[in-house]
Amino acid sequence: MTNVTVLGSGAWGTTFGQILADAGNAVTMWAIEPEIVADIRDNHRNSYRLPVVERLPENMIATGDRAEAVANAEIVVVAIAAQFARVALEEFRGLIPRDALVVSLMKGIERGTGKRMDEVVREALDLPENRFAAVSGPNLSKEIARREPSATVVASTNPYAAARVAQACSTTYFHPFTSTDVIGLELCGSLKNVVALAVGMARGAGYGENTAAMIETRGLAELTSLGKACGADPKTFSGLAGVGDLIATCGSPLSRNYTFGANLGKGMSVEEATKASDGVAEGVATTATVVALGDRLGVPTPLAAAMTHVLEDGISCAQMLSELFGTEITAE
Ligand SMILES: NC(=O)C1=CN([C@@H]2O[C@H](COP(=O)(O)OP(=O)(O)OC[C@H]3O[C@@H](n4cnc5c(N)ncnc54)[C@H](OP(=O)(O)O)[C@@H]3O)[C@@H](O)[C@H]2O)C=CC1
Ligand SMILES: O=C(CO)COP(=O)(O)O
């Protein structure tokens with residue numbers, strides 16, 4: 001049994017807390033909202049962010065006190081909206097035990113700096129690389145909250161850390177694989193959200209399977225080229241965190257990014273789609289950072305560029321699709 005703290009009691013943070021509790025760990029949830037803390041602590045529910053779960057495990061407690069939340073933690077899991085991660089984590093600097101592992105569930109790239117979540121977490125907490133791990137895969141929280149079978153990837157440059165975290169989140173219904181490719185895992189999780197926005201938009205506009213498959217396949221190619229340029233292992237993109245997460249996210253209205261895109265495709269403005277969103281669609285803030293990353297590395301990112309024009313200039317789905325390939329005939 002391990003003492004694990006989860007920072008952020010959103011849909012996935014709470015679901016992952018349930019996984020950790022089901023795996024036999026002592027789980028402490030931290031949330032910024034007092035009402036969420038009280039709901040988990042007193043009612044063993046998170047009716048605000050995960051109402052699908054009637055009752056959370058007994059070995060899952062909650063607190064809003066930062067020091068108390070991490071005081072005895074052997075593993076600290078970060079499940080905060082990516083664009084708020086740095087500011088939120090800086091409040092925990094110096095509070096986390098020096099031998100605790102820190103795990104990111106976040107899927108986003110920080111606006112302004114273009115940094116991945118492993119970089120943000122390590123900078124905010126002054127954390128050495130060998131105590132960091134990332135978790136990413138086809139993990140739509142509501143299905144996993146219902147304990148449906150699923151799998152994920154735990155990546156750390158420190159194989160011991162990856163194995164330790166994988167052990168802590170292994171249950172009969174949730175199977176972790178390990179990897180040392182942190183960069184690849186981070187890019188898969190972040191960039192697939194941009195592809196999901198585009199696929200959702202096409203679906204919302206009434207296009208079918210061929211168009212979705214076209215966008216997903218070209219999106220995977222873009223994601224893989226960018227990942228390779230960042231030093232990632234190409235194999236990661238054909239695994240659970242790459243193709244696997246694309247299939248899940250681009251195929252389900254449970255995905256916030258997919259649904260955000262679908263609402264755009266139905267004619268909503270970005271503001272209207274944001275208001276309608278149930279949780280944070282991380283791809284909205286990440287899209288522009290992908291274009292900037294591609295520019296910096298000399299890697300073409302036509303899908304991210306087209307989605308940036310959707311998000312910033314309000315171009316239509318038809319215009320987005322026409323921007324994807326241009327008119328020149330090239331090899332695939
Ligand atoms: N939902 C899912 O199915 C999956 C999500 N993920 C990723 O996991 C991460 C967390 O997602 P999820 O758990 O769904 O949570 P949400 O995206 O629904 O919300 C983000 C969490 O961040 C918290 N938060 C926002 N701003 C701040 C802040 N300034 N300080 C402290 N906390 C803040 C929210 O708190 P509050 O609720 O109090 O507002 C909430 O707990 C995201 O990066 C997401 O991409 C990965 C796999 C699956
Ligand atoms: O990352 C996820 C599934 O793996 C959840 O996707 P959304 O953030 O689009 O809801």
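The lining of the largest pocket draws at least three residues from each of domain 1 (3-180) and domain 2 (190-325), with bounds that come from an automatic or database domain assignment. The model is predicted: local features need pLDDT of at least 70 and side-chain atom pairs count only at pLDDT 80 or more, while totals for chains, interfaces and linings use all residues. Residues are numbered from 1 along each chain as its sequence is written, chains are lettered from A and ligands numbered from 1 in the order in which they are written, and side-chain values use heavy atoms, with hydrogens and water left out.

## Largest pocket

The space in the largest pocket comes to about 1,100 Å³. A pocket here is an open set of points, on a 1 Å grid over the protein atoms alone, with protein on both sides within 12 Å along at least five of seven lines; a cavity is a set of points where a 1.4 Å probe fits but cannot get out, and lining residues have an atom within 4 Å of a point. Grid points are joined across faces, edges and corners, and a volume is the space filled by probe spheres set on the points.

The lining of the largest pocket consists of 40 residues, and Gly 10, Ala 11, Ala 79, Arg 256 and Val 280 lie nearest the centre. Two or more lining residues come from each of helix H1 (11-22), helix H4 (85-90), helix H6 (141-145), helix H8 (182-204), helix H11 (240-250) and helix H12 (256-265). Helices (H or I, at least four residues) and strands (E, at least two) are DSSP runs, numbered from the N terminus. H1 provides the largest share, three residues. Sorted by class, the lining has 19 nonpolar, twelve polar and nine charged residues. In this scheme Ala, Val, Leu, Ile, Met, Phe, Trp, Tyr, Cys and Pro count as nonpolar, Asp, Glu, Lys and Arg as charged, and the others, Gly among them, as polar.

An unreviewed UniProt entry lists Gly 8, Ser 9, Gly 10, Ala 11, Trp 12, Gly 13, Phe 84 and Arg 256 under "binding site". From this set, Gly 8, Ser 9, Gly 10, Ala 11, Trp 12, Gly 13, Phe 84 and Arg 256 are in the lining of the largest pocket. Gly 10 sits in the loop between strand E1 (3-7) and H1. UniProt positions follow the numbering used here, feature names are shortened, and annotations may be inferred rather than shown by experiment.

In the second largest pocket, the space is about 370 Å³. Its lining has 14 residues, with Arg 218, Pro 302, Leu 324, Phe 325 and Thr 330 closest to the centre. Helix H9 (209-229), helix H15 (302-313) and helix H16 (317-325) each give at least two residues to this lining, and H9 has the largest share, four residues.

The structure also holds two cavities of 30 Å³ or more. Leu 191, Val 194, Val 195, Gly 219, Glu 222, Leu 223, Val 290, Leu 303 and Ala 304 line the largest cavity, and H8, H9 and H15 are the elements that give two or more of these residues. Around the second largest cavity are Ser 104, Met 106, Lys 107, Ala 134, Val 135, Ser 136, Leu 185 and Glu 186. Strand E6 (132-136) and H8 each give two or more residues to that lining, with E6 giving the most, three residues.

| Space | Volume | Lining by class |
|---|---|---|
| Second largest pocket | about 370 Å³ | eight nonpolar, two polar, four charged residues |
| Largest cavity | about 60 Å³ | seven nonpolar, one polar, one charged residues |
| Second largest cavity | about 40 Å³ | four nonpolar, two polar, two charged residues |

## Annotated spans and a β-α-β unit

UniProt (unreviewed entry) gives residues 3-160 as "domain: Glycerol-3-phosphate dehydrogenase NAD-dependent N-terminal". That span is 31% helix and 21% strand, and its end C-alpha atoms lie 17 Å apart. For residues 181-321, the unreviewed entry has "domain: Glycerol-3-phosphate dehydrogenase NAD-dependent C-terminal". Residues 181-321 are 77% helix and 0% strand, with end C-alpha atoms 32 Å apart.

Strand E7 (residues 150-155) and strand E8 (residues 174-179) run parallel and are joined by six bridges; two strands pair if DSSP finds at least two bridges between them. Ser 150 has Phe 174 in E8 as its bridge partner. Together with helix H7 (residues 159-168), E7 and E8 make a right-handed β-α-β unit. Right-handed means that, with the strands pointing away from the viewer, the path from the first strand over the helix to the second runs clockwise.
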